[in-house]
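Please keep the sequence and the 3D view at hand while reading.

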Amino acid sequence: MSKDTYALPETRSWREIPQQVRPRAMSMEGRRRMAMGVMRAVIGTAVIVGVSWGAWEVAAVLRDKTDAMPDAAKSDRVRSLVLATDGVLDRNWLAKTLSIAPDATLMGLDLNQLRAKVLADEQVSTASIVRNFPDTLTVRISERSPVARMMAQAPGGAPKMLLVARDGIAFAGVGFDPAMVETLPWLDGITLSRTPRGLEPIEGMRLVSDLLASAKLEAENLYRNWQVISLAHLATDGEIEVHTRDGMKIIFGTKEDYLRQIARLDLLVDESNDPTRPLREVNLALGAQVPVAYGTAAPTLNASPAASGLDAHSAAPQIAFPSISTPHIDVHREL
Amino acid sequence: MSSNTTFIGAVEIGTSKITVLIGEFTGREIVIIGCGECSSRGVIKGSVVDYRAATECTHNALEIAERDANERIDYVYLAQTGGHLEGFYNEASLNVKAADNMIEMDDIRTVCDLAKAKELPLGRMVVHNIRRPFRVDGRLVPTSPENLVGQRLEVGYWTVHGQEQRLADNIHVIRGFNLEVRELVLSSLASGHMVTSMEERQNGVLAIDIGAGTTDYVLYRNGAPHTTGVVAVGGGHFTNDISIGLRLTECQAEKLKLRFGRAQVQARDKGEKVWLDGNYSIGDRQFPRHAIESITAARARELLEVVRKKLGQGFAPESCAGGVVLTGGGAKLPGIAECAANVFGTSARLGEAPSWVNENLRDPGYHTALGILYYGVSVQSDRSAAARRKGGFLRNVTRLFAST
């Protein structure tokens, strides 16, 4: 027996009563609720439409306009290396240092590793590397400026000249003008020690650098004559010894203003321009009282008053000058 | 709060007051979280006669309840009462289709449709179809007879129907608050569900809810509602009779009824007098206590006799072991239980809410609203479960093959 075989009478249920009422038959709260409901529906619809439209747009871009995609999304081969520096290093040095494989892609590079390679050269003090899409790698570095030079010898190796920056870091000094390097004084009386990353910074270079900078700026005629800077008594006595090309020894104190000491030296040099009594030693580390030693003849290397044949009065005081034809470097020290 | 939590409002638009309860329904349990109450205006005998006044009061009660719960109601279960509600019984039977006489779901559905199909007079609409237990070859089956073996399947429905306009008015009052009426629940079923236990309903019990304008009753047998009805007489008529009999205003009569009214005459001294106000104010008067008690007792007895008469043959003390349970505001009249016991010839008691109901909601005035909530949820759950069963994929496929 099936329901279709019967013609059942229609019975109406209360559910057939339409529940809609006109807004004017509603109370204020009812109208407010209705408005809120409509607003929620509108906002919900707008959100759904907005999200759908956004998704559609993204899908369309991904599907049809691959050329409109941002370049950053592509991973291209590195075609160009750009170096921005405040020093003398050039692009060849950069290429050699980074040694990037020819087929390396820009996104495939490990920038941290490349930066470590750049910073491994002590001449570079800071470095930053950025990818410039689609195919350019830009390296920005700041370089150390040399204030002095020194000779160092690795065990079993030949002596090698190193440049020393203001912060005491010694570096090979690639790309500097040889004429400029020739003007730099040699360092003496220093102790070098090796670390896993290279040489330890030289102690006291900041004081030396200040002295050299003051001399170069205020009395360049004197500075040009400075050949060796000895730091042998810097740590113990606070004194910097300067040996000039003409055999004079000048002692600077680190406690007093360098400018004042240079001015005194300049005055002394000007005052004692007697070629028969050349200045042999000037001690500027004692303040206003400046002991001065005169020689009797033109300085000779490893000269001593006794050897020159002068009497004691004319050769006084008895001072033994170090050899300055070549800077004294402790080449026996292991680096 | 989980996403499937709903906030259900139970609304009773009564003659004297409008009650709203808000329940938080999680799908497993319902917790009452808000209550709102407001004096009723524009409602007489459960029917809306002044739309604006009734709307104002109802919306006020809804707002109070929402403020109390601090939540917004999602939809509403609405109590339905009034003299326009009527009921009739209709039954149908059918021979079981299968050759092995095993009853299938199709048989059950067909017999139910037949039993419910009864043409109503113009302007009448079904409010409830209350199914009575199935019978298989005369054997009572309280649950589903599916897979039982028998030749003849019978079922009967007690159909409650009401006047379309009055039902629509009640719904539109709620709709004016922009809330959907999800379920209409007969007041008698709601309050009866609250004040009777499952065991009482199984043994037979009569629940009478005496409101201000109407009295709703439901007779349970075999665990299911057997007969329901509404008498358009309530506690308000007691007040009205005192007012006429003692020549008082409604307000004064209500006061006397609440203080001295009884469902059985207790005063022996006919000369005993009681003060109207009792505060020595100017105009305070004395009235005979015996007269007050006589009026209320006569009215109470008359009301209960009307109920008994409307139940007719359906009610028999021997088939109503649970007795009579009285609830509603009118049940607070002293002696009403004894009066009911006399009229119905069986035990009678005042209904009490289950122990888990909050102390604030244990007053008989809240029983209907509470019942709406719990009865409505159970009805809706049954309907959802039936819909799920009906819509099962495998079941549909099976039916397709069966029909071919």
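## A loop residue in chain A

A:S99 is found in the loop of chain A that runs between α2 (91–98) and α3 (111–119). The structure examined here is a predicted model.

## A loop residue in chain B

B:K45 is not a glycine, and yet it has a positive phi of about 50°. This residue is found in the loop between β4 (43–44) and β5 (47–48) of chain B.

A residue is buried if 20 or more other C-beta atoms lie within 10 Å of its own. B:K45 has 21 other C-beta atoms within 10 Å, so it is buried.

## The overall build of chain B

How many helices and strands does chain B have? Chain B has 11 helices and 19 strands. Of its 404 residues, 45% are buried. Among contacts in chain B between residues at least 6 apart in sequence, 69% join residues at least 24 apart.

B:Y75 lies in strand β6 (residues 75–80) of chain B. Along the chain, B:Y75 and B:N178 are 103 residues apart, while their C-alpha atoms are separated by 9.3 Å. Leaving aside neighbours within four places in sequence, B:Y75 is in contact with B:I8, B:L179, B:E180 and B:R182. B:Y75 counts as partly exposed because it has 16 C-beta neighbours inside 10 Å, a value between the limits for exposed and buried residues.

## The nonpolar cores

The largest nonpolar core contains 92 residues, of which B:L21, B:L206, B:L326 and B:L373 touch the most other members. Helix α10 (residues 367–390) of chain B supplies the largest share of this core, namely seven residues. Apart from this core lies another, of 38 residues, which includes A:I169, A:I202, A:V228 and A:L231.

Which residues does B:L326 touch, not counting residues up to four places away in sequence? They are B:I208, B:I210, B:A331, B:I336, B:A337, B:A340, B:A348, B:L350 and B:G351. One of these, B:I336, is placed in helix α9 (residues 336–344) of chain B. B:I336 has 27 C-beta neighbours inside 10 Å and therefore counts as buried. Leaving aside neighbours within four places in sequence, B:I336 is in contact with B:A263, B:A300, B:L326 and B:A331. B:I336 and B:A348 are 12 residues apart in sequence, and their C-alpha atoms are 8.8 Å apart in space.

## A residue in helix α5

B:N203 lies in helix α5 (residues 198–203) of chain B. With 17 C-beta neighbours inside 10 Å, B:N203 counts as partly exposed. The C-alpha atoms of B:N203 and B:G223 are separated by 7.2 Å, and the two residues are 20 apart along the chain. Apart from neighbours within four places in sequence, B:N203 is in contact with B:A321 and B:G322.

## Two helices that cross

Two packed helices are described by the angle between their axes and the distance between the axes. In chain B, the axes of helix α6 (residues 235–246) and helix α8 (residues 289–311) come within 9 Å and cross at roughly 140°. The two helices, α6(B) and α8(B), are therefore oblique to each other. The crossing of α6(B) past α8(B) is right-handed.

On the α6(B) side, B:H237, B:F238, B:D241, B:I242, B:G245 and B:L246 take part in the contact, and they meet B:A291, B:I292, B:I295, B:T296 and B:R299 of α8(B). By class, this contact has six nonpolar, three polar and two charged residues.

## Where the chains meet

Contacts also join the two chains: 20 residues of chain A are in contact with 28 residues of chain B. On the side of chain A that touches chain B, the residues divide into 10 nonpolar, six polar and four charged.

Definitions and conventions: Residues numbered from 1 in each chain as written. Chains lettered and ligands numbered in written order. Predicted model: local features only at pLDDT ≥ 70, side-chain atom pairs only at ≥ 80, totals over all residues. Contact = placed C-beta atoms within 7 Å. Nonpolar A, V, L, I, M, F, W, Y, C, P; charged D, E, K, R; others polar. Helix = DSSP H or I, 4+ residues; strand = E, 2+ residues; numbered from the N terminus. Buried ≥ 20, exposed ≤ 12 C-beta atoms within 10 Å, placed from the backbone. Core = buried A, V, L, I, M, F, W, Y, C linked by C-beta atoms within 7 Å. Axes fitted to C-alpha atoms, helices over the stretch in contact; angles between N-to-C directions. Parallel < 35°, antiparallel > 145°, perpendicular 65-115°, else oblique. Left-handed = near helix turned anticlockwise from the far one by under 90°.
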